[in-house]
Every structure is written in C-alpha cells, then in structure tokens.
Amino acid sequence: KEAQADYEVMMRESADKRTVDTAALTEKSATKADVGAELEGHKEHLASAGKELMATMKYISSLHAECDWLLQYHDVRKEARTGEIDSLVKAKAVLSGADYALVQTKAHSFLGRVH
C-alpha cells in the first residue's frame with residue numbers, strides 16, 4: 001500500500017509540474033512572438049534609416065560639389081560682377097545725361113606712330 005501511495009503522490013506532483021511547465025511554455029512562446037514582432041519592427045526601422053542616411057549622404061555630396069565649384073570660380077564671378085556693376089553705373093550716367101562720346105578710354109597715337 002505504501003508503494004501505491006508513493007505512486008499516486010508522484011503522479012500528482014508530475015501533473016502539477018506539467019501544468020506549471022505548460023504555463024511557462026505558453027508564456028515563453030508569447031514572449032518569443034512579441035520579441036520576434038519587435039525585431040521585425042526594428043529591421044524595418046533600420047532599413048528606413050539606411051535609406052534616409054543614403055539620401056542625406058547624397059545631398060551632402062551634392063552640396064560639397066556645389067561648394068567646390070563656387071570656391072573654384074569665385075574670382076571669375078567676382079570680376080564679372082564688378083564689370084556688371086561698372087557697366088550699370090556707366091549706363092545710369094548715360095541715361096542721366098552724361099556724355100561718354102568724347103572720353104578717351106585708350107591712348108591712341110596718330111597713324112599708329114610711336115612717339
């Protein structure tokens with residue numbers, strides 16, 4: 001009879017352990033599913049951030065190229081602006097009544113002779 005009682009106790013303990021293990025397994029499966037979904041969300045975010053980074057790097061590269069061009073041709077553009085300003089000032093003076101017809105801009109010699 002003692003063996004029978006031990007067997008029944010062992011069976012009850014085993015059933016209780018199976019219940020606890022089943023509950024733990026269910027909880028761990030749910031946690032795994034939640035972590036998997038979170039991982040997929042992070043992967044999507046990483047892909048999106050990667051695309052945004054590539055677009056930003058492309059924009060920075062275009063800005064760098066534009067800056068290089070501006071620095072390279074700064075002097076030429078500055079001279080062109082100065083010439084435009086000078087031309088506008090002269091045009092404004094002509095419109096205001098100044099007469100540049102008789103103003104000598106270059107030194108000319110008569111019949112190209114050197115004196």
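Is Lys43 buried, exposed or partly exposed? Lys43 is partly exposed, with a relative accessible area of 46%; the points below place this residue in its setting.

1. Overall make-up. The model is a predicted one, and the protein in it has 2 helices and 0 strands. Of its 115 residues, 1% count as buried, while the accessible surface comes to about 11100 Å², with 62% of that area belonging to carbon and sulfur atoms.

2. Glu40 and Lys43 are 3 residues apart in helix α1 and so are separated by about one helical turn; Glu40, at 41% relative accessibility, counts as partly exposed. Asp21 and Lys17 also meet in a salt bridge, at 3.1 Å, N to O, and these two residues lie 4 residues apart in helix α1, again about one helical turn. Here Lys17 counts as exposed at 52% relative accessibility, whereas Asp21 counts as partly exposed at 39%.

3. Asp86 is partly exposed at 38% relative accessibility, and Lys90 is partly exposed at 41%.

4. Geometry of helix α2. Helix α2 covers residues 74-95, and at 1.5 Å a residue its 22 residues should span 32 Å; the end C-alpha atoms are 31 Å apart, which agrees with that expectation. Just after α2, Gly97 takes a positive phi of about 115 degrees.

5. The aromatic pair. The structure holds 1 aromatic pair, in which the rings of Trp69 and Tyr73 have their centres 5.3 Å apart and their planes at 45 degrees, so the pair is classed as tilted. Trp69 is partly exposed, with a relative accessible area of 45%, and Tyr73 is likewise partly exposed, at 33%.

6. The nonpolar patch. Leu53, Met57, Tyr59, Ile60 and Leu63 make a nonpolar surface patch of about 500 Å². Ile60 is found in helix α1, which covers residues 2-72, and is partly exposed, with a relative accessible area of 45%.

Definitions and conventions. Residues numbered from 1 in each chain as written. Predicted model: local features only at pLDDT ≥ 70, side-chain atom pairs only at ≥ 80, totals over all residues. Heavy atoms only, no water. Expected span 1.5 Å × (residues − 1). Phe/Tyr/Trp six-rings, centres within 6.5 Å; stacked < 30°, edge-to-face > 60°. Buried < 20%, exposed > 50% of the residue type's maximum accessible area, 1.4 Å probe, protein only. Areas by Shrake-Rupley, 256 points an atom, 1.4 Å probe, with all protein chains shown as cover. Patch = residues over 30% accessible without salt bridge, like charges linked within 9 Å, V, L, I, M, F, W, Y side chains within 5 Å. Salt bridge = Lys/Arg side-chain N within 4 Å of Asp/Glu carboxyl O.
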